[in-house]
Amino acid sequence: MSWLAIASGMREHCGVPMALPARLTAALGRDPDHLTEDDLQRAVDSQIPESVDLDWKKDFYQGTDAGKKELAKDVSAMANTAGGIVVIGVDDGKKDHAHDLAPSEPVQGRGEEWIRSVLANWIQPVVPNVGVRPVKSTAHEGKIYWIITVPPSTQAPHAVAAPGNDYNFRVHVRHGTTTRTLAESEIAQRYRDRFQAASDDVDRLRQVADAGRSYLSDYLTRIVDGSSAPVTYYPGWVSLAAVPAVRGTYPLTTRADRDAAFSRFHDLACHGVTLNARPDHPPLVGRRQVRFEGFPTGQLHQDGSFYAAQTISLHNDQRDADGPQQMSQRAFELDLVTLVQAAAAWAAETGAAGDLMLSAALHRYDGSDKLVRLVVNESAFQRGPALPFPTAPAQTTGDLAAIVSDKREAVVVACALASDLLADMGAHQPHILTPEGDIRTDRLNDDFRHQLTGWES
């Protein structure tokens, strides 16, 4: 089962529709991603009205520039407002409510690919995560409906312009049951809002990372029953903090809430490329979060934000016991992929959407200033530089839905983070991760290959 299927199942169970207004599910009686002809007939029978997030359309869009512009305008207006769905094949009878079913015959060359091409070419910037789905009619053989789902966008405002005509664009929003064009001053305010949102995401990411590092430090230096603190044996760690652009909501206010969330995340963590993000029991209490300690140590926040850290194996060089310590580059890269997958899985679990902003860092908690040398093959003689852990974290942004649904996308994101951190340690590039989303399994020994629970070599 894919991570996307697992996360989607939990969202439905929790009653959190994927980034679309909750009102739509209540009004239509089903998640918009799963509407059937029977659901559309019930909408007609109930005369469900159009609204800011629901647009009934009788006819499919024409293949002319005017038709393409209308499609782009409808989708961008919803993305610029609250998100919603466009249903093609339901006549509103010019009364702004579902009046009659009107499925149409498929038009050669104007299906899903055509719709996505129009949206990609006529909307700037492209609206992310638009869903396009045909629904076959059982009452009218050979005819179909189209369901276009449009999540609210963190990249708004989205402007409509003919391809190659960047200087003549319009920005539209939904206004009740209609669409209107924004004035210049309103567009300027939308851009200010976008930049402020991006700044807020950066601040939130820093807050999540700082809180996570503080929690990890407390755990590592804690002495229980006279035993040595964990930092004695595990001084080096790699951490990952992540914040979704469209925040999620997950109840984490009671013990039962936290137990359920921890159990669910524990299951999700078993579907990464390794099991190294699977937390140890029991779940621990935190304000609007679930905490866990051990390997890994981390925090799951109710808004979909995430922090987790995994220990790094640091060992002395057998040839030079007093020299720089050695760190396995391959283990570090695999752990980073798994942490990226875990962060995305948790964000999707909370109903978050849009981009996922991520920050990865290497930490040393024993106060030592001993240098570290990367090792890609324990049996090889290493002549690379010996350097301290980098002080600056690596940051990147990925598409949350893509990371959840495609392990290769998780590798792409992890590769970007690893490349920056490894460059600070004298490595030109990752050893087993590629920018194209591959894991070079031929460079892994049997021990590492056995760790790969979710990757086909």
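Begin by selecting helix α7 (residues 255–268) together with α8, which pack at an angle of about 135° with their axes 10 Å apart. This geometry, like everything else on the tour, belongs to a predicted model. Viewed as a crossing, the arrangement of α7 and α8 is right-handed.

Is Thr 338 buried or exposed? With a relative accessible area of 2%, under the 20% cut-off, Thr 338 is buried. If neighbours within four places in sequence are left aside, the residues in contact with Thr 338 are Val 273, Thr 274, Asn 276 and Ala 277.

Next, colour the largest nonpolar core, which has 61 residues, and pick out Leu 240, Phe 306 and Met 327, the members that touch the most others. The element that gives the most to this core is helix α8 (residues 329–349), with 12 residues.

Centre the view on Phe 306 and show what surrounds this side chain. Beyond its neighbours within four places in sequence, Phe 306 is in contact with residues including Val 208, Leu 240, Ala 241, Ala 242 and Phe 265, and also with Gln 299, Leu 300 and His 301. From α8, the helix of residues 329–349, the contacts of Phe 306 include Leu 339, Ala 342, Ala 343 and Trp 346.

Another core lies apart from the largest one, and its 23 residues include Val 75, Trp 114, Trp 122 and Trp 146.

For the last stop, select helix α4 (residues 65–80) and helix α5 (residues 112–122), whose axes come within 9 Å and cross at roughly 80°. That angle makes α4 roughly perpendicular to α5. On the α4 side, show Asp 65, Lys 68, Lys 69, Leu 71, Ala 72 and Val 75, and on the α5 side Trp 114, Ile 115, Val 118, Leu 119 and Trp 122, which together make the contact. By class, eight of the residues in this contact are nonpolar and three are charged, while none is polar.

Technical notes
Residues are numbered from 1 along each chain as its sequence is written. This is a predicted model: local features need pLDDT of at least 70, side-chain atom pairs count only at pLDDT 80 or more; totals for chains, interfaces and linings use all residues. Side-chain values use heavy atoms; hydrogens and water are left out. A nonpolar core is a set of buried Ala, Val, Leu, Ile, Met, Phe, Trp, Tyr and Cys residues joined through side-chain atoms within 4.5 Å. Buried means under 20% relative accessible area, exposed over 50%, partly exposed in between (1.4 Å probe, protein chains only). Helices (H or I, at least four residues) and strands (E, at least two) are DSSP runs, numbered from the N terminus. Contact means heavy atoms within 4.5 Å. Axes are lines fitted to C-alpha atoms, for helices over the stretch in contact, and angles run from 0 to 180 degrees between N-to-C directions. A crossing is left-handed if the near helix is turned anticlockwise from the far one by less than a right angle, and right-handed if clockwise. Angles under 35 degrees count as roughly parallel, over 145 as roughly antiparallel, 65 to 115 as roughly perpendicular and the rest as oblique. Ala, Val, Leu, Ile, Met, Phe, Trp, Tyr, Cys and Pro count as nonpolar, Asp, Glu, Lys and Arg as charged, and the others, Gly among them, as polar.
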